[in-house]
Amino acid sequence: MAQSVKVIFSVLFMFSSFLVAARPPGDTAKTAQKTVYLFSGLGADSSIFMNLKLPGYHKVYISWIPALPNESLTQYAGRIKSLITVENPYIIGLSFGGIIAVEVSKQIRVEKMVLISSVRTKSELNRVQFFFMKMGIYRIIPRSLIKRTNFLTYRYFGARSPYDKKALTELLRNTDVSFFRWALKEIAYWDNKEAPERTIQIHGTTDRVISSKLLHPDYRIKGGGHLMVFNKADTISKIIMNYFRD
């Protein structure tokens with residue numbers, strides 16, 4: 001009897017071992033995935049990253065939360081970091097989202113960070129643009145100018161193809177004007193002087209929103225405009241994957 005029980009347990013153990021070994025690769029890959037948080041730009045949502053391919057990484061898109069009156073970028077980052085629920089996260093920040101990502105990285109430890117069409121420090125911003133922002137120009141920018149596209153906005157954002165133009169039109173249409181104005185004001189007063197660690201910067205040579213002339217990015221994308229994460233996603237995806245794997 002004891003021998004029979006031993007045989008039965010041996011068979012069950014062997015069978016369970018086969019089940020574990022035969023587990024679909026997708027399950028194993030899923031548990032091994034690292035989490036990367038993505039911060040979009042002003043007026044943009046997660047759709048701006050739709051062409052970015054990061055196999056093996058679980059992507060979490062950070063949604064903008066309403067800003068409080070007179071809240072600084074540092075204070076805002078202190079609240080939005082609560083949406084990051086894993087330790088030592090990977091972060092990708094696009095444009096304004098890159099600035100917030102820099103502020104977040106000063107408050108929590110980040111494993112690796114990528115800034116796309118964005119800046120590391122205040123010195124990389126166009127001083128003339130933000131001088132006028134300090135003068136309060138952001139208050140009088142018409143809603144129609146913020147939420148609608150025309151040939152000037154297409155040129156400014158580097159939207160050339162009908163596909164790009166359609167995407168930009170949709171993004172601007174969904175822009176929260178109050179949040180947009182708050183962000184312009186706070187960027188003008190942003191005072192970060194220290195470049196974040198464990199960070200690479202990817203920038204386009206034809207970006208008109210944030211000129212590449214003041215930047216020394218790790219990677220320059222030839223012909224890339226401010227929407228290059230959308231229309232040059234294959235190139236950017238390869239750079240990010242190589243960096244994350246190092």
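Trainee: In what sense do strand 1 and strand 2 pair, and over how many bridges?

Mentor: Strand 1 and strand 2 are paired in the parallel sense, over six bridges. Helices (H or I, at least four residues) and strands (E, at least two) are DSSP runs, numbered from the N terminus, and two strands pair if DSSP finds at least two bridges between them. Please note that this is a predicted model, in which local features need pLDDT of at least 70, side-chain atom pairs count only at pLDDT 80 or more, and totals for chains, interfaces and linings use all residues. Residues are numbered from 1 along each chain as its sequence is written, and side-chain values use heavy atoms, with hydrogens and water left out.

Trainee: Which residue in strand 2 is the bridge partner of Tyr37?

Mentor: The partner of Tyr37 there is Val60. Strand 1 also pairs with strand 3, in the parallel sense over four bridges, and Val36 has Tyr90 of strand 3 as its bridge partner.

Trainee: What is the strand order in the sheet?

Mentor: Six strands form an open sheet in the order 2-1-3-4-5-6, with parallel pairing. Strand 2 (57–62) and strand 6 (219–221) stand at the edges with a single partner strand each, so one side of each has no neighbour in the sheet.

Trainee: Which strands does helix 11 touch?

Mentor: Helix 11 (residues 233–245) packs on the sheet and touches strand 1, strand 2, strand 3, strand 4, strand 5 and strand 6 (contact means heavy atoms within 4.5 Å). The direction of helix 11 makes about 160 degrees with that of strand 4; axes are lines fitted to C-alpha atoms, for helices over the stretch in contact, and angles run from 0 to 180 degrees between N-to-C directions.

Trainee: Lastly, is Asn88 buried or partly exposed?

Mentor: Asn88 counts as partly exposed, because its relative accessibility is 33%. Its phi is near 50 degrees, a positive value in a residue other than glycine. Ser95 likewise has a positive phi, of about 55 degrees, although it is not a glycine; at 13% relative accessibility, Ser95 counts as buried.

Terms used:
Buried < 20%, exposed > 50% of the residue type's maximum accessible area, 1.4 Å probe, protein only.
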